[in-house]
Number of protein chains: 2
Amino acid sequence: MKEKMELRLAGSGGQGVILGAIILAEAALENDNYAVQSQSYGPEARGGMCKAEVIIGKDEIDFPKIENPDVLLALSQSSLDKYCNDTNENCMIIADSSLEIPNTKNKVMSVPIIETARNVIHNQQTANIVALGAINTLVPMVGYEALEKAVLKYVPSHAAEQNKKALQEGQRIAQSLILQ
Amino acid sequence: MKEKMELRLAGSGGQGVILGAIILAEAALENDNYAVQSQSYGPEARGGMCKAEVIIGKDEIDFPKIENPDVLLALSQSSLDKYCNDTNENCMIIADSSLEIPNTKNKVMSVPIIETARNVIHNQQTANIVALGAINTLVPMVGYEALEKAVLKYVPSHAAEQNKKALQEGQRIAQSLILQ
């Protein structure tokens, strides 16, 4: 891992990107790393867009604001359009496969996140957990066990098995893209 | 309201301080203000301590880190001991009434938050919502309706009525302290 990884998770309200970011930060802690997780609320959020950020580092993180994201996850068209060019060229963009990819110099991975949550897990609300499995496979940041443990800490206990499967499926669909 | 209000919510893991902070930030947005909400994860969090921060402002917030908290909420002894002197003198400390108040020059309000959640709402997990009702009565930051709307957005729908009551009770117990 680089000394510091910066992630921006973006989507529309209700897609669970804040919870996804909190889970990722918890998983980093589980791996004895440091993390800062934040979200800003302003007029843009009133339009239904939601953005959460995570910085994971080996050492304490002094500046909690993302400077150059290494990964952008976009689960909605408006969030992809808004943020896809607000990155440096090394930032990997992970976009839901339902989205139209704008012109960009960045590497874009189109991943069937929402489709998998809906048709394989049969619960679209697990899209954020499918996304975590996919992100962490494409750009490994935390151990799989740490991630699973953090997921189970934050989802309701009656949905534990469903969310474990969502994480596995996210890993699997990303893996199949890598091997293509 | 001042141009900017800074809050630190601290407790032990599982007391819901992160969710409390997210709800408060959402309520600020509902009132057309700006907010930044963040949490840092590091070795101190492994000890079971949990700290979340919120900054609410009339204008966009450039620097997302708290500099001088206006309010410190402490729901556990270790978080109170750790943070109560890490404030300026104008910071109001809102401590659960079960805690022993350390020596401090700050104004301290001892509020029966956990007791109210346990004995009046009959669900200790609502302590964070009781706390929000109390904080926002002692230090008004967001409208009551905006706060209630944000609570209902984040709690499970089957627990909506219970959490509405928790918010009301938090307001009531704080009000009774003001009038003493």
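**Entry 1. The shared surface**

I began with the surface through which the two copies meet. In chain B, 100% of the interface residues are also interface residues in chain A, so the copies meet through the same surface. I note here that the model is predicted.

I then looked up the extent of the contact. On the side of chain B, 20 residues are in contact with 20 residues of chain A. I recorded which elements of chain B give two or more residues to this side: helix 1 (17-30), strand 2 (34-41) and helix 2 (43-46). The largest share comes from strand 2 of chain B, which supplies eight residues. I also sorted the side of chain B that touches chain A by class, and I found eleven nonpolar, five polar and four charged residues.

**Entry 2. The paired strands**

I next asked how many bridges join strand 2 of chain A to strand 2 of chain B. There are seven, and the two strands run antiparallel. In chain A, this strand covers residues 34-41. As one example of a bridge, I looked up A:Y41 and found that its partner in strand 2 of chain B is B:A35.

**Entry 3. The relation between the copies**

I recalled a general point before turning to the superposition. Two copies of a chain are related by a rotation about an axis and a shift along it.

Most residues other than glycine have a negative phi. I located A:H122 in the loop between helix 4 (113-119) and helix 5 (127-138) of chain A.

Is A:H122 buried or exposed? I counted 10 C-beta neighbours inside 10 Å, and a residue with 12 or fewer counts as exposed. A:H122 is therefore exposed.

I repeated the search in chain B. There, B:H122 has a positive phi of about 60° and is not a glycine. B:H122 lies in the loop between helix 4 (113-119) and helix 5 (127-138) of chain B. With 10 other C-beta atoms within 10 Å, B:H122 is exposed.

Notes:
Residues are numbered from 1 along each chain as its sequence is written. Chains are lettered from A and ligands numbered from 1 in the order in which they are written. This is a predicted model: local features need pLDDT of at least 70, side-chain atom pairs count only at pLDDT 80 or more; totals for chains, interfaces and linings use all residues. Two residues are in contact if their C-beta atoms, placed from the backbone, lie within 7 Å. Helices (H or I, at least four residues) and strands (E, at least two) are DSSP runs, numbered from the N terminus. Ala, Val, Leu, Ile, Met, Phe, Trp, Tyr, Cys and Pro count as nonpolar, Asp, Glu, Lys and Arg as charged, and the others, Gly among them, as polar. Two strands pair if DSSP finds at least two bridges between them. A residue is buried if 20 or more other C-beta atoms lie within 10 Å of its own, exposed if 12 or fewer, and partly exposed in between; C-beta atoms are placed from the backbone.
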